[in-house]
Every structure is written in C-alpha cells, then in structure tokens.
Amino acid sequence: MSHGFLALAIVAAQCLLLLAMACSLMRMVRGPRAQDRVLALDALYVNAMLLLLCIGIRTGSALYVEAGLIIALLGFAGTLAFAKFLLRGEVIE
Amino acid sequence: MNHLDALPPWAAVLVGLLVMLGAGFAFVGSLGLLRLRDFYKRVHAPTLGTTLGAFFMLAGSITCFSVAEGRAIFYEVLIGVFLTLTTPITLMLLVRAALYRNRVEEQQAPAAETRQKPMP
C-alpha cells in the first residue's frame, strides 16, 4: 500500500517537474526580452536538477546526485556569465 | 524498484510526501514564471523552486538513501548549500542588468516621453 503510494508519488513528481520544465521552456521561447530568457534558463536548470534527484530516488543510484550537483554548478556559472554579458554588452554599442 | 520495496512503510510514505511537495513547489514556481506579467514580478517566482522545492526534494532524497543504507547520509546537503549560496547572486546580477538595460532604453527613447516607469 505505502509502496504503491511511493511509486505513484515519484511518477507524479516526475510529471510535475516535466510540466515545470515545459513552463520555463515556454517562457524562454516567448520571453519578450533577453533577461526573461536568461531567467527562464536558470529556472530550467533548477528544474532539471530536481528531476535528476527524483530519478536518483527512483533508481536508487547515488550517481544522479552528483549529476545534479554538476548541473547546479554549471547552471550558476552560465547564468552568471549571461548576466554579466547583459550588463556590459551594451556599453560597447 | 527493488530498493524502494525494502523501505519501511513510514519511510515510504514520508519520502513520497516530500518528493511530491518538492515537485509541487517547483511546478508552482515555474507556472508563476510563465504567468506573471512583469519581469520584476517574474524574478520572484522561480525562487520558490530553488528554496522550498529543492529543500523538500533533498530532504526526500536524504531520507530515502539514509533509511535504505541504514546510516546517515548527508551528501545531498552540498547541493542545498550551493543553491542557497548562488541563487541570490545570480538573481541580483540579473536584476541589475535588467535595470541597466531599461535605463539605457529610456535614455535612448525619444525625449517627448516624460518620466514614466520603464515598461519591461
């Protein structure tokens, strides 16, 4: 009974995270300006990391946690670089 | 799903609840990112996923692996510490960039417009 609930909860959580990724992807496609797209990319990174953690719980392998850590790290670096570019890219123009 | 069946029932229910809560918070945050109208409003929404969503998901992961292996595993705390450290930095930089871009656009706009709030 409780294990059935756990399996169902994990599948539901994966579906919810997929929907969240779809939402942020839609914002990234639609976003009126560049900062909206960068923000949506950041949200997409975080949602992908949570999805990886969820898959890790489902399969019981600790490797997914490391993958999530790497995604968090690279997402931080990427968003930081984008923000710096937005801040300074127009000075040159 | 062999290792999940080895969990005791209370741990299974707890992990299920935590995972569902975390995913729900992340989904609500991304929905807010999609639905809100203003960039400065939109900045607030995904932080729901990075704080509460990540917290509940990491708590579920810690509970699952700790109970399954029979010893305390705090490996996932690293991700939580990293997220709480980096999210404010990135969002503050992003908002500063957006403010700068709006201000530059306002200056380049035709001077006929009197001082209005920048439309993001």
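Analyst: The axes of α2(A) and α5(B) come within 10 Å and cross at roughly 170°, where axes are lines fitted to C-alpha atoms, for helices over the stretch in contact, and angles run from 0 to 180 degrees between N-to-C directions. Helices (H or I, at least four residues) and strands (E, at least two) are DSSP runs, numbered from the N terminus. This is a predicted model, in which local features need pLDDT of at least 70 and side-chain atom pairs count only at pLDDT 80 or more, while totals for chains, interfaces and linings use all residues. Residues are numbered from 1 along each chain as its sequence is written, and chains are lettered from A and ligands numbered from 1 in the order in which they are written.

User: So how are α2(A) and α5(B) oriented to each other?

Analyst: They are roughly antiparallel, a label for angles over 145 degrees, with under 35 being roughly parallel, 65 to 115 roughly perpendicular and the rest oblique.

User: Which residues of α2(A) and α5(B) meet?

Analyst: From α2(A), Gln35(A), Val38(A), Leu39(A) and Asp42(A) meet Thr90(B), Leu94(B), Ala97(B), Ala98(B) and Arg101(B) of α5(B), contact meaning that C-beta atoms, placed from the backbone, lie within 7 Å. By class, that makes 5 nonpolar, 2 polar and 2 charged residues; Ala, Val, Leu, Ile, Met, Phe, Trp, Tyr, Cys and Pro count as nonpolar, Asp, Glu, Lys and Arg as charged, and the others, Gly among them, as polar.

User: And how many residues does each chain put into the whole contact?

Analyst: Chain B provides 51 residues and chain A provides 47 residues. On the side of chain B that touches chain A, the largest share, 16 residues, comes from α2(B), and by class that side has 34 nonpolar, 12 polar and 5 charged residues.

User: What about Pro46(B), is it buried or exposed?

Analyst: Pro46(B) counts as buried because it has 29 C-beta neighbours inside 10 Å; the cut-off is 20 or more other C-beta atoms within 10 Å, with 12 or fewer meaning exposed and anything in between partly exposed, C-beta atoms being placed from the backbone. Pro46(B) lies in the loop between α3 and α4 of chain B, and, not counting residues up to four places away in sequence, touches Leu39(A), Asp42(A), Ala43(A), Val46(A), Gly29(B), Ser30(B) and Leu33(B).

User: Switching topic, which residues of the largest nonpolar core touch the most other members?

Analyst: Of its 57 residues, they are Ala13(A), Leu17(A), Leu50(A), Leu53(A), Cys54(A), Val19(B) and Ala23(B), a nonpolar core being a set of buried Ala, Val, Leu, Ile, Met, Phe, Trp, Tyr and Cys residues joined through C-beta atoms within 7 Å. The most comes from α2(A), with 14 residues. Leaving aside neighbours within four places in sequence, Val19(B) is in contact with Ala9(A), Ile10(A), Ala13(A), Cys54(A), Ile57(A), Met57(B) and Gly60(B).

User: Last thing, what do the chains look like overall?

Analyst: Chain A has 3 helices and 0 strands, and with a radius of gyration of 17 Å, well over the 12 Å that the globule rule gives for 93 residues, chain A is more spread out than a compact globule. That radius is taken over C-alpha atoms, and the rule is 2.2 Å times the number of residues to the power 0.38. Buried residues make up 44% of the 93 residues in chain A and 37% of the 120 in chain B.

How values were computed. Two residues are in contact if their C-beta atoms, placed from the backbone, lie within 7 Å.
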